[in-house]
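Here's a quick tour of the model you're about to see. Have a look, then read on.

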Amino acid sequence: MTDHPKPKSRSTEDIGSQMLVDKAECKISVNVGDFYNNNHMVVIQTQEIDETGKAIYSRFKLHLSSLELHAPVLANFLTQALDSVEGTEENPVILPFTTPEFTCFLDWIHDREWRPFKITEESLVHLLRVSSTLKAEDGISYAVSGLESLRLPSAQMLQLVGDFHRLPEVHYWVGPAVKDLIQRPLGEITNSEAQQIAAAYPTIARTRENIQHLLTQVSQRSFALKLADKDQQEEADLCLTHKECQKAWKSIWRENIGYLLLDFQKPLTYRELLELLQNTDFPKVNPSCKARMLNWLSRKTDYPGMKELVEEAVASIEDIYHLPRRGPAPENPKV
Ligand SMILES: [Zn+2]
């Protein structure tokens with residue numbers, strides 16, 4: 001082997017003549033796949049019906065490689081179409097999307113820092129519609145998390161569940177939406193919301209009625225200052241006037257607490273009830289008996305029977321939207 005001479009600094013002239021030599025000697029042996037595209041341009045047509053009922057056609061001319069990453073199913077379909085001489089100016093491929101829907105999809109594919117995809121409910125719904133038809137997984141995930149981040153009203157979320165019920169990603173929207181809707185007074189649900197939840201409305205109304213019934217029972221039962229388990233029994237034995245405690249508890253409950261559960265416009269939530277009990281003065285109740293009772297109540301997360309009512313409502317609305325039965329949803333730490 002000979003010693004390599006130290007590289008000398010070269011003038012632009014040197015480099016220019018060297019390039020000529022390289023070019024003359026160049027022999028291509030490898031095409032680098034990622035950067036050697038043989039794809040054709042493809043012409044796609046969509047249509048939109050204007051307010052007079054007239055169809056307006058729009059055309060898109062795209063390079064197939066721009067679709068391969070985010071819409072492989074479409075790219076594959078279009079490749080086959082090109083083979084059978086479709087996708088040309090004379091014979092465009094007609095896709096079953098409206099012009100705004102497909103434009104949004106392309107906007108998302110071409111999302112760049114200097115030309116960002118605009119996140120609105122409409123653009124995300126368009127994206128979801130096209131992505132779900134094309135099985136474009138990235139587009140589906142993007143649209144789903146985008147819609148979740150917009151915190152849309154529950155009725156709207158339920159409508160979207162109905163529209164996209166074939167997508168498992170939207171099934172998790174049912175639980176929170178139903179829980180929210182059954183807590184709202186029916187009178188507050190507007191006509192347009194009622195239309196959005198359409199088939200689910202009777203279930204929501206019935207569940208609210210059942211909840212009112214349950215709260216009426218709780219308000220009458222007063223969560224009597226009773227004893228939940230053996231340990232508490234032993235502790236209660238230390239209270240020499242426990243009968244008095246129970247009587248006093250019941251009477252304060254009747255005067256100050258129970259009726260708040262019957263406010264059907266805005267019934268007390270279980271958490272609010274706990275706070276209220278904590279802050280209410282029970283002058284004739286032994287403080288340690290009150291503390292023990294609150295401790296027992298705070299180990300529960302809701303009124304007895306409430307969880308079942310809500311679960312039943314969610315399950316029957318899932319049936320209405322033809323959602324497959326599934327395991328329990330992930331725990332919601334907020335409740
Ligand atoms: Zn007591």
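## Helices on the sheet

Helix α4 (residues 99-109) lies across β1, β2 and β3, and runs at about 95° to β3. Contact here means heavy atoms within 4.5 Å; axes are lines fitted to C-alpha atoms, for helices over the stretch in contact, with angles from 0 to 180 degrees between N-to-C directions. Helices (H or I, at least four residues) and strands (E, at least two) are DSSP runs, numbered from the N terminus.

This is a predicted model, so local features need pLDDT of at least 70 and side-chain atom pairs pLDDT 80 or more, while totals for chains, interfaces and linings use all residues. Residues are numbered from 1 along each chain as its sequence is written, and side-chain values use heavy atoms, leaving out hydrogens and water.

## The sheet itself

The three strands make an open, mixed sheet ordered β2-β1-β3; strands pair if DSSP finds at least two bridges between them. β2 (55-63) and β3 (93-98) sit at the edges with a single partner strand each, so one side of each has no neighbour in the sheet.

β1 (residues 41-49) runs antiparallel to β2, joined by nine bridges. T46 stands opposite S58 in β2.

## The zinc site

C239 (SG), H242 (ND1), C245 (SG) and C289 (SG) coordinate the zinc ion at 2.2 to 2.4 Å. Donors are N, O and S atoms within 2.8 Å of the metal (3.2 Å for Na, K and Ca); water is not among the atoms, so sites may look incomplete. The donors are spaced C-x2-H-x2-C-x43-C along the chain.

C245 and C289 are both buried, meaning under 20% relative accessible area (1.4 Å probe, protein chains only; exposed is over 50%, partly exposed in between).
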